[in-house]
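Colleague: Please show me the model, and I will ask how each label was reached.

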Amino acid sequence: MKIHLIAAARPNFMKIAPLYHALKSEKWAQPVIVHTGQHYDLNMSDVFFKDLGMPEPHIHLGVGSGTHAEQTGQVIMAYEKVLFEKKPDLVVVVGDVNSTAACTLAAAKINQYNGQRTTGQGYNRRPYVGHLEAGLRSFDRSMPEEINRLVTDALADILWTPSADADENLTREGISKDKIRLVGNIMIDSLEMLRDRIQAQPTCNEFGLKKQAYGLVTLHRPSNVDEPQKLKKLFDLLARISKKIPLVFPLHPRTRKNAANMGILPELEESKHFLILEPLNYIRFMNLVFSCRFVLTDSGGIQEETTYLGIPCITLRPNTERPVTIKFGTNRLCELDNLEQTVGGVLAEAVRRECHIPLWDGKTATRVVNSIKDFFN
Ligand code: UD1
């Protein structure tokens, strides 16, 4: 059985790696990694493949950056050609990036052309689509990711969810229960797979950081970093916070580009308390997560990883599609106006607590593999 695993952007790589490894050890499965090229810098892509023990992508669409329509459209066009030629049985998409929705659309519609226009060979039945990390909802349609989640979940044939709230969202939207499988959180599989190497990494020492005495910052959402005035205010606040506790900030290319355009990058890079870094590979980054006092982020995955590890997380967003991280975890939402106060509150709290979310246990890939077997039987 030919199974395409769609890799595209940084947060996807740790979601497909455990599944790739689990499928690789099954005789009936032929996992094929398809990289759309949404992320393409060495430190946003290749280094993750290396850390996660994945081979180079078997198929690379080389799409790159663009507006939403450009990027989504380019992926659909490029992937449709691959579908006609390779005819996979199953397409697995993960997460909520533009490539996730684009590859789902390409696969869901392909039988309508029956392949005649491109290859003349026909396509008897379109491939099935499985969405891993289905059912998450922020209920905020100004987020591009929310649109991607809605489109993908409406079209996918198998919906693998990370937590019970996701099942509820899907059934509320009228999706048949037969399609939904609660499998747990696949990112925890990657974390457990690499835990020993993460803990053995000297990243923390390398930057002269004392354990649990620094904050780790990752911010890249357009709503936080695209508007110059807001970004300036954010950096001013971070500079003030960094006088109380040193901050480490690996800059996402979007944030770096915006800071450079505003002319504030050199000032940030020279700051004494504020350590600006290039994006880090998975193992080095996770080492900084393991040892920090708190994380300040607008990423989705980091809200989950910190919850699992019991590390305080401040999410600079008005909402989250991962409410379990607030209900059962260490996450809290915050906006710019109460950022300093929220950090102060976190610093005054006891350091860690244990969090247990059902099926966040490092065995999600095995459950997905079993679910694929069930589906095709
Ligand atoms: C994308 C996802 C977002 C995810 C994030 C993780 C969508 C809509 N957004 O946002 O959900 O949280 O990835 O990083 O799919 N760039 C580079 N090098 C790269 C990649 C990007 O320089 O390897 C720069 C380009 O200027 C590009 C910009 O970053 O235009 C944004 O990249 P893009 O993939 O469009 O969105 P992200 O902000 O990374």
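Modeller: What follows sets values against definitions.

Modeller: This is a predicted model, in which local features need pLDDT of at least 70 and side-chain atom pairs count only at pLDDT 80 or more, while totals for chains, interfaces and linings use all residues. Residues are numbered from 1 along each chain as its sequence is written, and side-chain values use heavy atoms, with hydrogens and water left out.

Colleague: How many helices and strands does the protein have?

Modeller: The protein has 18 helices and 13 strands. Helices (H or I, at least four residues) and strands (E, at least two) are DSSP runs, numbered from the N terminus.

Colleague: What makes the protein as compact as a globular protein of that length?

Modeller: The globule rule is 2.2 Å times the number of residues to the power 0.38, and the radius of gyration is taken over C-alpha atoms. For 377 residues the rule gives 21 Å, and the radius of gyration of the protein is 21 Å, so the protein is as compact as a globular protein of that length. Along the principal axes, the C-alpha atoms fill a box of roughly 65 × 40 × 40 Å.

Colleague: Why is Thr 100 called buried?

Modeller: Buried means under 20% relative accessible area, exposed over 50%, and partly exposed in between (1.4 Å probe, protein chains only). Thr 100 has a relative accessible area of 1%, so Thr 100 is buried. Of the 377 residues in the protein, 57% are buried. Thr 100 belongs to helix α4 (residues 98-109).

Colleague: What makes α4 largely enclosed by the rest of the structure?

Modeller: Of its 12 residues, 10 are buried, so α4 is largely enclosed by the rest of the structure. Among the buried ones are Asn 98, Ser 99, Cys 103 and Ala 108.

Colleague: Is Glu 133 buried or exposed, and what about Phe 139?

Modeller: Glu 133 has 8% relative accessibility and so counts as buried. Phe 139, at 58%, is exposed. Glu 133 lies in the loop between β5 (128-132) and α5 (144-155), and Phe 139 is found in the loop between β5 and α5 too. Glu 133 has a positive phi, near 90 degrees, in a residue other than glycine. Phe 139 is not a glycine either, and its phi is positive at about 60 degrees.

Colleague: Why is Gly 362 called partly exposed?

Modeller: Its relative accessibility is 26%, so Gly 362 counts as partly exposed. Gly 362 lies in the loop between α17 (339-348) and α18. Its C-alpha atom is 7.7 Å from that of Leu 191, 171 residues apart along the chain.

Colleague: What joins the side chains of Thr 161 and Asp 167?

Modeller: A polar contact of 2.6 Å joins them. A polar contact is a pair of N or O atoms within 3.5 Å; within protein, one must be able to donate a hydrogen and the other to accept it, and residues adjacent in sequence count only if both atoms are side-chain atoms. Thr 161 sits in strand β6 (residues 158-161) and is buried, with a relative accessible area of 0%.

Colleague: Which polar atoms lie 2.9 Å from an oxygen atom of the ligand?

Modeller: One is an N or O atom in the side chain of Gln 38, and another is a polar backbone atom of Asp 41.
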